[in-house]
Amino acid sequence: MIIIGLMSGTSADGVDVAICEINGQPGAITATLLHGATFQYAPALRQRILKCCDPTESSVEEIAALNVDLAAVFADSALEIIQQAGLTAEQIDLVGSHGQTLWHNVTASGEVSASFQVVEASVIAERTGITTVSNFRARDIAAGGQGAPLTSYVDWLLLRHPEHWRAIQNIGGMGNVTFLPPLADDTSDPIAFDTGPGNALLDIAAAQLTDGAWTYDHDGQLARQGRVNEEWLDELLSHPYYSRGYPKTTGRETFGTAAALRLLSEAREHGLDGNEIIATLTALTATNIADAYNRFAPAPVQEVILGGGGRHNPVIVGMLRELLAPARVLIHEDIGMNSDFKEALVFAILAHETWEGRPATLPALTGALKPTVLGQITPGDNYAALLRQTWTS
Ligand SMILES: Nc1ncnc2c1ncn2[C@@H]1O[C@H](COP(=O)(O)OP(=O)(O)O)[C@@H](O)[C@H]1O
Ligand SMILES: [Mg+2]
């Protein structure tokens, strides 16, 4: 099937769009990225998204409007990439849309009671004519899971090493890891959880300290000019999230704009200057990842595969190499997968599995009581033809 994956993460930087060819079934699934592009959000749209993630700043009215307006951006991005690839919408079988998380409700005991993604699938199906699978997290949560990380199932399907344990580390707005047992080991389960803040705190700090001129610390330029304040770093690392056992997930509710602004004023009270703040928050990202491995990796990890925008930050990557040694730190490209469009590809694969009626989670990964078929299907113009094609194949 030809499937478009649409992903917008907690960084709210833009929508990643991937046209993929997905065939086969677990054990022999093939997933090829045919074409990928990121459509950056206009600054005003990004501000609207970040505002809607904050209950004290937004309203039901604003969230309702964002749900359809952002869906129009997703749909138009899909149409644009179809054109870029020299295809037509009729050649696309499905869209798999993650949407935009506004709220991931973690209870005091660490369970997830709700995870709320906007981006109205009806708008995508209406504008593109393509049957759209969306709202992937809700079913796993209904089955007692965290509803995240969802990429880990695809890591499990596609990225196990024949002989050694691998950690697949995404560094988006939040960080998340999948510890994968080797293919040769058919008794160990994989483990997955959110490691903590990836770029989210850093992005807000960079924007504040450059008066909005930068939306992130490009290539770690600010962090390079500052020294890590070890005392403040230790304080930051005492946040209870890091020592909590898995399964566990987090989001902007805990490590978003409000937290970043609080930390900035705390840092100023400690007498830190702007670059020291960025350097220390950069160290927080690398160190919370390394600490999570020390605490929770079920076996020595020989290889770490980085993905997500944070892998473009050389200061984060340099610190990780040091902290995770002797593990080899690689990127997805080193094992044959594009890093930039991995998550968009994942949602194309998850949409494929939903269409085929197959579960796309493992209880070991999300903590659910059982694996479930994820998402909701919104029929597009191609729906009846797609059903006929599936029945006869
Ligand atoms: N060249 C770069 N230097 C430093 N950070 C970068 C660079 N490119 C991307 N990033 C970081 O990656 C983030 C986007 O990562 P992404 O994987 O898209 O996250 P999400 O999945 O949360 O949207 C940006 O907000 C920024 O913090
Ligand atoms: Mg992004």
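1. Ligand 1 is surrounded by 18 residues, the closest being Gly9, Ser11, Gly172, Asn199 and Gly309; a residue is near a molecule if its C-beta atom, placed from the backbone, lies within 6 Å of it. The model is predicted: local features need pLDDT of at least 70, side-chain atom pairs count only at pLDDT 80 or more, and totals for chains, interfaces and linings use all residues. Residues are numbered from 1 along each chain as its sequence is written, while chains are lettered from A and ligands numbered from 1 in the order in which they are written.

2. The shell around ligand 1 comprises one nonpolar, 13 polar and four charged residues. Here Ala, Val, Leu, Ile, Met, Phe, Trp, Tyr, Cys and Pro count as nonpolar, Asp, Glu, Lys and Arg as charged, and the others, Gly among them, as polar. Domain 1 (2-149 + 342-392) and domain 2 (160-335) each supply at least three residues to this shell; the domain bounds come from an automatic or database domain assignment.

3. Leaving aside neighbours within four places in sequence, Phe74 is in contact (C-beta atoms, placed from the backbone, within 7 Å) with Leu6, Val15, Ser97, Val119 and Ile124.

4. Val119 is not a glycine, yet its phi is positive, about 110°. Val119 lies in the loop between strand S5 (112-118) and H3; helices (H or I, at least four residues) and strands (E, at least two) are DSSP runs, numbered from the N terminus. Val119 counts as buried, with 27 C-beta neighbours inside 10 Å; the cut-offs are 20 or more other C-beta atoms within 10 Å for buried, 12 or fewer for exposed, and partly exposed in between, with C-beta atoms placed from the backbone.

5. Within helix H3 (residues 121-128), the residues Ala121, Val123, Ile124, Ala125 and Thr128 are buried. Their cover includes helix H2 (60-84), strand S4 (94-106), strand S6 (132-134) and strand S12 (376-378). Gly129, with a positive phi near 80°, follows H3.

6. Ala148 and Pro149 are joined by one with omega about -15°, and Pro149 sits in the loop between helix H4 (137-142) and helix H5 (151-158). From Tyr246 to Pro247 the bond is also cis, with omega near 0°.

Methods. Two residues are in contact if their C-beta atoms, placed from the backbone, lie within 7 Å.
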